[in-house]
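Subject: The structure we talked about

Hi,

Here is the structure I promised to pass on to you. Have a look at it first, and then read on for what turned up.

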Amino acid sequence: MERGLRQGDPLALFLFLVVAECLHLMIQKAENLGLLKGVKVGKSDVLISDLQYANDVILFGPWEIENLKNMKKVMEYVFEVSGLKMNLNKSKLYGIGVKDEEVGSSMRAISSWVPVIEKTKNKLTGWKAKLFSFGGRWTLTWGGSSVWSNIAKVGSEVDKLGINFSTSFRKVIRDWVASKFWEDSWMETGRLKDKFARLFKLETSKNISVAERGEFEGEKWRWRWGRRREPRGRELGELENLEKVLKDVLPKRDVRDRIIWSLDPTGGFSVKELRRIVEEAVHRNSGARCIETMWLKEVPKKICIFMWREGLGRFLVRLELDKRGVDLDLILCPRCEYEGESVDHAIFGCREVKSLWRQIGERWKVDVNRCNSFLELSNLGNEAGMGVKEGRRWIALTWCVAYLIWANRNKFLFGNVKTQLKDEFFSFQVKSFDWVNMRDKKIAMDWRSWMLDPRGSSG
């Protein structure tokens, strides 16, 4: 017992029972000395002072402060003898048949539940974080700092595209309780204190809410005013204008406030709609789609993340490493050893890679040679007159092949496995076909058409 036992030793169970029996005997001894009192239960008045299960102990006794103190002393003696210490922070005190104020806070009070709510919120936060995808976690920690510090900048960045995102949200007051009548911009005209400054000076309750500014008479709303004196002179003109403004603004019962997004005809905000608006603005300004704003459901998430990072230029190719001061023997492309390796060169500009894209272009009846970058390649469907389904297929194919080209490049660099990309044409086509057809039945097509004439049976 002095040296202890290893974890998992079968003797540990019996040793624990010896200590637990010691606790029970000490409680019985304290009862015999009149220091502790148990409780009687059942018709036979069975006396119970303690119940034990594994390392949990329940002590019973009358609701007396002296009895509680003695219980604590007994547990301290057990600690001195066995080394098993009671954790008071994890211990609970329950009173049965006693008043709430004698136990502590009333559980009917909201304040009593604050610790429980905070504990639950903390657990939920951790639970949600575990469900984040790689893209979600990467977004939150991008650049070594939290993305939340940059959220305020999003509106101004989107505004630069000519969208007026920052001013597109408007609060529509429905329940009239939370908003201040004079102080808040609860109407399209702005704050009433600014528009009707003279009436605001006469107001006796300047922080009054919209709901407190009137009352219902049956089902009809009546505005009520609180002024230091009756209005006169120019104040009467302001009063007349205020009554006109409020004429058609009448509160309703049991209706909540809501935020209106003016960029959507329905008034509801959605990331999908904002992305569509941003893409249209980018296409309008540059004449091409911006990869970093796109997310294709036709390809696996890992490929969407890959293309997102490609659009941001976040891959550690040799030229990028050289810019960061990493000492390299060569900055040339490991395939062609002719040009410096940039992201765009690795997945499009390299001679060997371009040869593969020409093979694919022949199948799709598009001229790849006219493209100077991967972005132009992925947008080639628009210039080639492809329909909606064809265009989605083409973009999905280019993304899948770009991902596979990058994977092939990494195998060569880090796994010393070199294969000619032209020999990988068939396997790339097979993987792309499986990925696209498994995820979107609307643009799916049969294998023969995919390989021989992908544009001939677009539908």
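Which elements do the buried residues of α1 pack against? They pack against the strands β2 (46-48), β3 (50-53) and β4 (56-59), and against helix α2 (65-82). Before going further, please keep in mind that this is a predicted model.

**Helix α1 and its neighbours**

Helix α1 runs over residues 11-32, and its 22 residues should span 32 Å at 1.5 Å a residue; the end C-alpha atoms are 32 Å apart, which agrees. The buried residues of this helix are Val19, Ala20, Leu23, Ile27, Ala30 and Glu31. Looking down the axis of α1, you will find these buried residues within an arc of 135°, so they line one face of the helix. On the other side of α1 there are exposed residues, among them Phe14, Val18 and Lys29. In general, an α-helix has 3.6 residues a turn, so residues three or four places apart point the same way. Just after α1, glycine 34 has a positive phi of about 80°.

Two of the strands that α1 packs against also pair with each other: β3 and β4 are antiparallel, with four bridges. Tyrosine 53 has aspartate 56 in β4 as its bridge partner. The hairpin of β3 and β4 has two residues between the strands, and alanine 54 takes a positive phi near 55° there.

**Salt bridges**

How many salt bridges does a search of the whole structure find? The search finds twelve, and here are three of them.

- Lysine 193 and glutamate 183 meet through their side chains, at 3.5 Å from N to O. Lysine 193 belongs to helix α7 (residues 192-195) and glutamate 183 to the loop between β5 (169-172) and α7, so this pair ties together parts that are ten residues apart in sequence. Glutamate 183 is partly exposed, at 23% relative accessibility.
- Glutamate 240 pairs with lysine 244, with 3.9 Å between the closest N and O atoms. Both lie in helix α9 (residues 234-246), and because they are four residues apart, about one helical turn separates them. Glutamate 240 is partly exposed, with a relative accessible area of 46%, while lysine 244 counts as exposed at 54%.
- Glutamate 298 meets arginine 392 at 3.1 Å, N to O. This pair links distant parts of the chain, 94 residues apart: glutamate 298 is in the loop between α10 (271-286) and α11 (301-312), and arginine 392 is in helix α17 (residues 388-415). Is glutamate 298 buried or exposed? Glutamate 298 is buried, with a relative accessible area of 1%, whereas arginine 392 is partly exposed at 22%.

**The nonpolar cores**

The largest nonpolar core has 46 residues, of which Trp357, Ile360, Phe374, Trp394 and Trp399 touch the most other members. Elements that give two or more residues to this core include α13 (343-349), α14 (351-364), α15 (374-378) and α18 (425-439). Which element gives the most to this core? That is α17, with eleven residues. There is also a second, separate core of 17 residues, and Trp186, Ile208, Val210 and Leu239 are included in it.

Enjoy exploring it, and write back whenever you like.

Best wishes

Terms used: Residues numbered from 1 in each chain as written. Predicted model: local features only at pLDDT ≥ 70, side-chain atom pairs only at ≥ 80, totals over all residues. Heavy atoms only, no water. Expected span 1.5 Å × (residues − 1). Buried < 20%, exposed > 50% of the residue type's maximum accessible area, 1.4 Å probe, protein only. Arc of directions from axis to C-beta. Contact = heavy atoms within 4.5 Å. Salt bridge = Lys/Arg side-chain N within 4 Å of Asp/Glu carboxyl O. Core = buried A, V, L, I, M, F, W, Y, C linked by side-chain atoms within 4.5 Å. Pairing = 2+ DSSP bridges.
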